[in-house]
Amino acid sequence: RQATSGNYDAKLSSRTYIWDVVKPVTELDNPTANYISLLNITTGYSSYDTKQSITAVKIRVKKMTDGKWWNNTDWGTDTTPNNVDNVYDGGGTTKDRWDYDNLQTSALTYGTSYQIYTQAEDIATNIEDEVLKKTFYYDNIAPGTTIQYPIDQGETLGTPTFYGIYDDVLSGVSMVQIKLQDKDDNTNKFWKADSGADGTWQTAEIWNDCKVWASSWTYKYGGSALSEWYILSSRGIDKASPANTEASFKVGVNSNTFIVDNAAPNNLKFTVPGIDDSNIARKDLVTFKGSSKDNRSHKVVDMTLQDLTWPNTFWNGAIWIAGEVNGSTRVVCNKSGTGISITWDYTIPTSSMTSGHKYECRVWATDNAGNKTANTGSYVKGDTDTVKQFLYESTEPDSLITSHSDNMRASVIATISGTCRDDFVLNNAGVDIVQVQVSNKDINSWLHIYASSSVFEGTEIWYDASWDVIGSKWYKE
């Protein structure tokens, strides 16, 4: 500064300041999950130089189903940002914090998505461009699980593998657990799995983790063999934050009572065929029949039918294919019920059987616990009621009248005779009975033979002829 006298003032006036044109940045640290089940407060960070005023941080929340915005009390069309409730100085260059508690769980709707936008202003009056910080869904419904094995009041083996299905519409399932309770033991009544396959029974309620697949779950029990009655419950836990855990239980859905059954069905047998002999011919054997008993129930009766004339050829329910003796091509039989004592049957189309071929049939039974009757080894004639062999012969024998020619004239018929043969006589089929009938076509009647006379009457009748097996000849006097 220069005075009027021409002298200069040597004292200087100065100020130091920071040139700041950098816009602040906000961050969101709650909610951060894609699916939430609880929202009490929305919190986040902002740049360390954020203006220390609630007007310095703005927040907007959009409801995606209808495009409405949260206005601190309700959803509406006003898009004006809301001030946060608090801004906290982080100190130095530490990020500042902010929170907003005017939007809580009660304002959210299940299955709806929301978007959170934030914006901050720093002490240099730089204003952040409003940015979408988070999209989330509100999910407050727990998954649902279903126990498929065992069914309620059903049976299992002593070391069962339990299984079922699960469903969750939104966040998905992160875990399925089972609780196994000994119904008859009031002390150590809950199963607790240890690492590995084994475990212990404890007094406190325990939930054990299952293996989870795309839409199903399994749990293999690895302790000492079970016996008597138990209660199995299942529950699902989803991926929301905090997680929703299934807490409602319904008998027959996710809480089943079952009994352990370690005994397979017994007294399983064929009643048709009743005779085990591949040299005895049967023309009517296209329906196989039998019976079975179990201490509790029957689930499946199945059988194999093998064509012994074409080795390793088995009926699969539609065609004959290659297979194995003990059941790679089993067909399921009809059952009279599922109880303790049942009958069963299976019918093969007549057209699928070949006359003159020998066959072997084998049968198995399985109860609802999963116990199965044992496989039978190599065939031994008459060794078991669950394996039979037979000859199927459906070709009619051929007979010929030799004593009278066609259209011949006769005044007396003393004896009618002829021949008869069967193609499968070598397979012990052959001719068993030859029958003769004499009819009068003019008066639509048949010859009836009495002790002292013969007369034509209106009722059709056949008479057994005398049969010479060696000569394949027959006659009727």
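Predicted model: local features only at pLDDT ≥ 70, side-chain atom pairs only at ≥ 80, totals over all residues.
## The whole protein

Let's start with the big picture. The protein is built with 42 strands and zero helices. Along its principal axes, the C-alpha trace spans about 180 × 60 × 40 Å. Its radius of gyration is 45 Å, whereas a compact globule of 477 residues would have one near 23 Å.

How much of the protein is buried? Of its 477 residues, 39% count as buried. Contacts can also be sorted by how far apart the partners sit in the sequence. Among contacts with a separation of 6 or more, 66% are between residues 24 or more positions apart.

Four bridges connect β1 with strand β3 (residues 42–46), and the two run antiparallel. To find one of these links in the structure, go to Leu28: its bridge partner in β3 is Gly44.

## A covered strand: β10

Next comes strand β10 (residues 113–120), which is mostly covered, with eight of its eight residues buried. Which residues point which way? Ser113, Gln115, Tyr117 and Gln119 point one way from β10, while Tyr114, Ile116, Thr118 and Ala120 point the other way, and all are buried.

Strand β10 is joined to strand β4 (residues 57–63) by seven bridges, and this pair runs antiparallel. Here Val57 has Ala120 of β10 as its bridge partner. Strand β10 is also linked to strand β11 (residues 131–138), through six bridges, again in an antiparallel arrangement. For this second pairing, you can look for Ser113, whose bridge partner in β11 is Tyr137.

## A buried arginine: Arg362

Let's zoom in on a single residue. Arg362 is found in strand β32 (residues 357–366). Why does Arg362 count as buried? Its relative accessibility is 3%, and the cut-off for buried is under 20%.

What does the side chain of Arg362 meet? Leaving aside residues up to four places away in sequence, Arg362 touches a set of residues including Phe270, Asp302, Asn326, Gly377, Tyr379 and Val387.

## The cysteines

How many disulfides does the model have? The count comes to zero. A disulfide is a covalent bond between the sulfur atoms of two cysteines. Cys333 shows the reasoning well: the closest cysteine sulfur to its own is in Cys361, 9.9 Å away, and that is too far for a bond. For such a pair to count, the sulfur atoms would have to be within 2.5 Å.

Are these cysteines buried or exposed? Cys333 counts as buried because its relative accessibility is 6%. Cys210 is buried too, with a relative accessibility of 12%.

Notes:
Residues numbered from 1 in each chain as written. Heavy atoms only, no water. Buried < 20%, exposed > 50% of the residue type's maximum accessible area, 1.4 Å probe, protein only. Contact = heavy atoms within 4.5 Å. Pairing = 2+ DSSP bridges. Rg over C-alpha atoms; globule rule 2.2 N^0.38 Å.
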